Structures are given as C-alpha cells and as structure tokens.
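Here is a short briefing for a first look at this structure.

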Amino acid sequence: MKKLLGLLALLIAGAAGYLALTPNTIDPLAWQPPVAPLMTGALEPNDTLMKAELLAKGEIHGPEDTAVDALGRVYAGLHDGRIVRIAEDGSLDVLTATGGRPLGMDFDAKGNLIVADAYKGLLRISPAGQIEVLSTEADGVPFAFTDDVDIASDGRIYFSDASSKFQQPDYLLDLLEGRPYGRLLRYDPATGKSETLLKDLYFANGVALSQNEDFVLVNETYRYRITRYWLKGDKAGSHDVFIDNLPGMPDNLQGDRAGTFWVALPTPRKADADFLQNQPWLKTQLAKLPRSMWPKPANYGLAISLNEKGEIVQSLHDTSGTHLRMVTSVKPVGNFLYFGSLDNDRIGKLQYR
C-alpha cells in the first residue's frame, strides 16, 4: 500500500509540474450557462434519424455541410479539402479540391457552388470545378475561420467568420477561452467587397435568411443561442436574441424560405461542459492536456426546427448515436432533409414531408 501511495504521489507531483511548466494557450472568461432545458414536448427524444437513408457510407470523412443541385446530386466538403458529388445512383466523383477545409455551402442562382472554406475564405466554384476566391477579409480584418453561408435573392452572400483567433483544428480552444471572436458578414458581388454586420459573437457559426429576407440569423455556438440581425423595417441594422438556452451547441443553420429554420446540434448539452464554462483556471489547465483527456461530446444525433418566432417546433434524434451522430448541418431540399457531420463517414437523407 505504501508503494502504491508513493507512486500516486509521484504521479500527482509530475502532473502538477507538467501543468505548472506548460505555457498557457488560452485566456478564458468565466460564464455561467443557464440551466439546460428539459427534453420534453417538442424536444422529447425519438429515433426519427434512424430512418434516414445513408449516402456514401464509408466512402467519405467529415461531410460537414451539403448542397443539392438541380439534378438531385448531393455535394459535400470533406476533411481532406475535396468537394465530392454523389449521384442519385450512389456513384461518387470529385468536383474539385480547395486545398483547405470546405464547410458551409450553397448554390447561387447561376449554378455556382458558394463555399465557406475555413482556410481559404469565401469561394465560388463553377459547375466545372474551377475555384474563384471571392473574399478573404472584411474591414481590414482577415478571415481566420470562414464557416457558413446563405445567399439572398439579390445575390448578396451572408456568411460567418467563426473566430478571428482560432482556426478550424482549434475550435475547442475557442470554446474553452469563451471570448467573442466571431463575425457575421455580407459579400456584395457588385462591389467585390465584404462588410461586417455584427462582431463580438461567441463562435459565429450557421447563417440563414428569413422567408422575406427581412432578417438573418447567426448561431453563437458557445452561448447556446441564435442571434437575429434585422435587414429591413424600423429595426434594420439592429440585433437581438432570436432564441436562447438551446438544448445543445448549434452548428449549421438553414432556412427553407417558407418559415422554418433547421438547426444542427452536434451534441446535446452536457453537465461537465456547462460546469467548465464558469471555471477559468480549470479551462486553462485542460487546454494544456492532450485532447484525448478532454471531455467528449455525447454520442448522439440531434437536430431541431424553429419557426420564425423563435419557437422549437420539432426535434429529430438518434439516441443511440449509431446511425447519424454529431450532426453539423441539416439541408432542406424539396421533401427531404440532408444531414452532414464534421466527424462521420456518411450523409443522411430523410423524407420529412
């Protein structure tokens, strides 16, 4: 027993020495999250996601977002920078490779694929796969983590820069630091310039325009909320909270232009993550440890729909996390929903109406 206690004391002393000598990589803020909402009513767990058809299972890695063209072909950006295209018969080919990390994507009115690439900025990709860089900075501040996009009827592109400090591999460091480094942006093809609509956002992620394009939403992932920026009317230029205290961390966001928004929640709320948010010293020490020792997201699939009043209407679950887990995007196209994932090997396709 004495030897065991001695060994334990040595391990503790070694860990303490390691933490003391390792430089700090973050400067965290304390924040007390609200009590997580109960998973009842519209949030009642179900296994609807288990019914989804799985596309390209085992053939792809990390299809974070998707887009569907007029021929019904499904596009996705992967971990290795490729953008792949999946035909209705299941065959797969490569449209192009950005050399970065393609995230949010959507088609413009001319059939070009508009892509938010975490490293390369805002891109336009022709049907033949030719890449054009549209924007890499706004108001003199370069993009560090270009994240999601939505395109207005006038051709202007609304998009997010998740963090001006941390790049894509270090998105969890942004979570631990808990400071507002994100921006909501707008690119005007007529001028070729981007402007900042909102700054000081807590990891600006998914972006979606309303049915009448009178407001645009942006997810603040690490505050469990969605912020609304008004584009028209008496409130134009102002912003407010569209919905707060979500049941998970909101990732991508997509509107169907008919009054419904779909929100991907890669993980439900976890008590250990909520506790850490209010512990700056612990967050500082955790950031020094190998990622394998960090708290893990729940092995779960979750997405919700909201109406334009900011009310949760429906939730879709995979409680086992075996079919569709870590859902990072939900794309409504016609009668189907397409589900992407930052860290999975498949795309889900579910008929929902």
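Strand S24 (327-333) gives the second largest pocket three residues, the largest share of its lining. The model is predicted. This pocket holds about 430 Å³ of space. The largest pocket has a volume of about 950 Å³.

**Second largest pocket**

- The lining of the second largest pocket has 25 residues.
- Closest to its centre are Phe107, Asp108, Ala109, Ile151 and Ala152.
- Five strands are named as suppliers of at least two lining residues each: S2 (66-68), S6 (102-107), S12 (146-151), S20 (253-255) and S24.
- Phe107 is one of the central residues, and strand S6 runs over residues 102-107.
- Ile151 is also one of the central residues, and strand S12 covers 146-151.
- By class, the lining has 11 nonpolar, five polar and nine charged residues.

**Largest pocket**

- The largest pocket is lined by 44 residues.
- Tyr171, Leu172, Leu175, Pro297 and Met326 are the closest to its centre.
- Helices H2 (171-177), H3 (271-277) and H4 each supply at least two residues of this lining.
- Helix H4 spans residues 280-286.

**Nonpolar surface patch**

- Phe275, Trp281 and Leu282 make a nonpolar surface patch of about 350 Å².
- Trp281 sits in helix H4, one of the helices that supply the lining of the largest pocket.
- Is Trp281 buried or exposed? Trp281 counts as exposed because its relative accessibility is 59%, and the cut-off for exposed is over 50%.

**Positive phi angles**

- Asp200 is not a glycine, yet has a positive phi of about 60°.
- Asp200 lies in strand S15, which runs over residues 193-201.
- Phe203 also has a positive phi of about 60°, and Phe203 is not a glycine either.
- Where is Phe203 found? Phe203 is in the loop between S15 and strand S16 (204-209).
- Phe203 has 4% relative accessibility, so it counts as buried; the cut-off for buried is under 20%.

**To recap**

- The pocket of about 430 Å³ draws on strands, S24 among them.
- The pocket of about 950 Å³ draws on helices, including H4.
- H4 also holds Trp281, part of the nonpolar patch.

Key:
Residues are numbered from 1 along each chain as its sequence is written. This is a predicted model: local features need pLDDT of at least 70, side-chain atom pairs count only at pLDDT 80 or more; totals for chains, interfaces and linings use all residues. Side-chain values use heavy atoms; hydrogens and water are left out. Patches are made of residues with over 30% relative accessible area and no salt bridge: like charges are joined within 9 Å, nonpolar side chains (Val, Leu, Ile, Met, Phe, Trp, Tyr) within 5 Å. Accessible areas come from the Shrake-Rupley method with a 1.4 Å probe; for residues, only the protein chains shown count as cover. A salt bridge is a side-chain nitrogen of Lys or Arg within 4 Å of a carboxyl oxygen of Asp or Glu. Helices (H or I, at least four residues) and strands (E, at least two) are DSSP runs, numbered from the N terminus. Buried means under 20% relative accessible area, exposed over 50%, partly exposed in between (1.4 Å probe, protein chains only). On a 1 Å grid over the protein atoms alone, a cavity is a set of points where a 1.4 Å probe fits but cannot get out, and a pocket is an open set with protein on both sides within 12 Å along at least five of seven lines; lining residues have an atom within 4 Å of a point. Grid points are joined across faces, edges and corners, and a volume is the space filled by probe spheres set on the points. Ala, Val, Leu, Ile, Met, Phe, Trp, Tyr, Cys and Pro count as nonpolar, Asp, Glu, Lys and Arg as charged, and the others, Gly among them, as polar.
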